[in-house]
Amino acid sequence: MPAVLGFEGSANKIGVGVVRDGKVLANPRRTYVTPPGTGFLPGDTARHHRAVILDLLQEALTEAGLTSEDIDCIAYTKGPGMGAPLVSVAVVARTVAQLWNKPLLGVNHCIGHIEMGRLITGATNPTVLYVSGGNTQVIAYSEHRYRIFGETIDIAVGNCLDRFARVLKISNDPSPGYNIEQMAKRGKKLVELPYTVKGMDVSFSGILSFIEDVAQRMLSTGECTPEDLCFSLQETVFAMLVEITERAMAHCGSQEALIVGGVGCNVRLQEMMETMCQERGARLFATDERFCIDNGAMIAQAGWEMFQAGHRTPLSESGITQRYRTDEVEVTWRD
Amino acid sequence: MQEAGGDAGGGSRAGGSGSRGRRGVGGGRSGPRSAGTTSAADHGAPGVGPAQHSLRPGGDPWSPAQRPGSRPCVFTLNVPFPSALEAEIARGSLAPDAEPHRGAVGKELTASGSVLAVCWRAEDCRLLRISIVNFLDQLSLVMRTMQRFGPPVAR
């Protein structure tokens with residue numbers, strides 16, 4: 001019964017998790033929050049991670065009730081993500097792997113989300129909608145790869161939401177997306193925004209430019225409120241995501257959908273996806289914010305699967321990489 | 001050559017001593033002094049390899065010695081560890097990640113005995129400085145990790 005330690009820090013969340021045989025034994029996490037109107041920069045984010053990671057590691061071991069001897073494998077996020085934060089986390093993973101003489105495993109961040117989603121929800125073979133601040137992909141498993149059926153051709157949907165939050169100076173605590181969601185609930189008027197689905201793919205940068213422009217104009221004339229804009233942006237981008245997910249499900253004949261990634265916490269998105277699934281007679285799966293949002297246990301879980309399947313990452317090949325496609329990994333642990 | 005002092009396994013003071021290095025800016029046409037800096041290290045002398053660029057009147061930044069592809073800025077750092085194993089562990093943790101500006105800055109890490117030796121070669125001082133500062137931050141983290149979760153288990 002191997003116990004795997006997982007390190008995650010590719011964006012502004014840093015987490016260390018412990019998983020043993022499908023049980024999450026610990027999953028502490030910290031978020032680097034910047035002032036309203038600003039985003040997080042790589043150097044500052046890395047500095048934040050370096051300051052807290054060792055405390056988090058200790059917390060994870062204590063919460064799991066384990067010592068270094070009980071750990072069988074050290075997993076960490078190899079990519080994709082922001083360079084300096086990824087390095088800060090990877091050097092700690094490599095150091096403890098060597099100190100404790102344990103095997104090392106570099107994990108793809110996107111696959112971490114998928115494997116944790118599968119574990120927590122029990123979905124057997126879902127079409128996955130992976131939506132976060134850094135990624136927007138529709139993924140389906142086929143012949144030992146997580147294949148990307150559709151994705152954003154420019155920025156992630158979460159990036160669009162986060163950058164819009166900056167324009168309105170919405171607080172980043174606990175996350176800009178959460179605060180947009182709360183404001184959207186009070187929105188009454190639907191402002192028409194561009195709807196940019198491109199076949200199997202989506203585009204968000206044009207919508208962002210448009211709404212940044214509209215915000216200036218309409219807020220000064222009082223034509224609409226910030227809440228109306230939050231509501232309109234969510235309705236538009238989420239409808240686009242539902243459309244491309246449905247398209248992929250139709251192609252695959254899939255009866256299950258799974259939402260993973262930070263934007264997956266959004267209840268409105270879950271509602272809209274649920275409506276689509278019901279219309280198709282399919283089942284929707286989603287996780288709560290402990291596992292939707294970047295966390296260490298998801299890396300540990302993917303690491304656990306990889307470890308059992310015999311994957312190992314030699315030190316010389318353990319360098320981080322900012323670009324790491326989901327379909328680059330051979331998923332040998334599934335049929 | 002920068003000597004990083006410090007307690008056994010303790011924090012490196014290399015960051016603080018960076019500014020005291022000798023700088024050869026302006027006109028020096030001697031070649032990269034890597035051989036010279038190695039021996040300087042033996043005498044514990046501080047020194048930064050001289051930068052080759054000279055700004056001539058008219059603003060032409062290229063001196064004949066600074067062709068694209070040549071890396072005249074050299075910096076070396078020696079970090080002592082309590083044991084050869086720990087130096088090797090540090091090397092294993094810090095070596096795998098590629099430099100962001102691979103074309104302009106490169107570094108080599110070697111564990112010789114209980115000393116981690118790092119040698120940078122860069123096309124310009126600014127990128128060199130950035131790389132060094134980032135490296136020192138990560139090195140500090142590795143050392144703190146070793147202090148808190150070490151010593152290494154017996155092999």
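**Entry 1**

I started at A:Asn101, which is found in the loop between α2 and β6 (104–108) of chain A. Helices and strands here are DSSP runs (H or I, at least four residues, for helices; E, at least two, for strands), numbered from the N terminus. A:Asn101 is not a glycine, yet its phi is positive, about 55 degrees. Most residues other than glycine have a negative phi, and most peptide bonds are trans.

I noted the ground rules next. This is a predicted model, where local features need pLDDT of at least 70, side-chain atom pairs count only at pLDDT 80 or more, and totals for chains, interfaces and linings use all residues. Residues are numbered from 1 along each chain as its sequence is written, chains are lettered from A and ligands numbered from 1 in the order in which they are written, and side-chain values use heavy atoms, with hydrogens and water left out.

**Entry 2: cis peptide bonds**

I looked up two cis bonds. A:Asp173 and A:Pro174 are joined by one, with omega about 0 degrees. A:Pro174 sits in the loop between α4 (157–167) and α5 (176–184) of chain A. In chain B, the bond from B:Gly150 to B:Pro151 is cis, with omega near 0 degrees. B:Pro151 belongs to the segment after α4 of chain B.

**Entry 3: where the chains meet**

How many residues does each chain bring to the contact? Chain A brings 23 residues and chain B brings 21 residues. Contact means heavy atoms within 4.5 Å. I then read the area buried between chain A and chain B: about 2,000 Å², with 59% from carbon and sulfur atoms. A:Arg50, A:Leu54 and A:Leu99 supply 35% of the area that chain A buries against chain B, more than any other three residues. Buried area is the accessible area (1.4 Å probe) that two parts lose on being put together, summed over both.

I checked polar links too. The interface of chain A and chain B has 13 residue pairs in polar contact, both at pLDDT 80 or more. A polar contact is a pair of N or O atoms within 3.5 Å; within protein, one must be able to donate a hydrogen and the other to accept it, and residues adjacent in sequence count only if both atoms are side-chain atoms.

Which helix gives the most to the side of chain A that touches chain B? α2(A) does, with 10 residues. By class, that side of chain A has 13 nonpolar, 7 polar and 3 charged residues. Ala, Val, Leu, Ile, Met, Phe, Trp, Tyr, Cys and Pro count as nonpolar, Asp, Glu, Lys and Arg as charged, and the others, Gly among them, as polar.

**Entry 4: salt bridges**

I found 16 salt bridges listed over all chains. A salt bridge is a side-chain nitrogen of Lys or Arg within 4 Å of a carboxyl oxygen of Asp or Glu. Across the interface of chain A and chain B there are 3. The side chains of A:Arg94 and B:Asp97 meet in a salt bridge, at 2.8 Å, N to O. Within chain A, A:Arg47 forms a salt bridge with A:Asp44, the closest N and O atoms being 3.2 Å apart. A:Arg47 and A:Asp44 both lie in helix α1 of chain A, 3 residues apart, about one turn of the helix.
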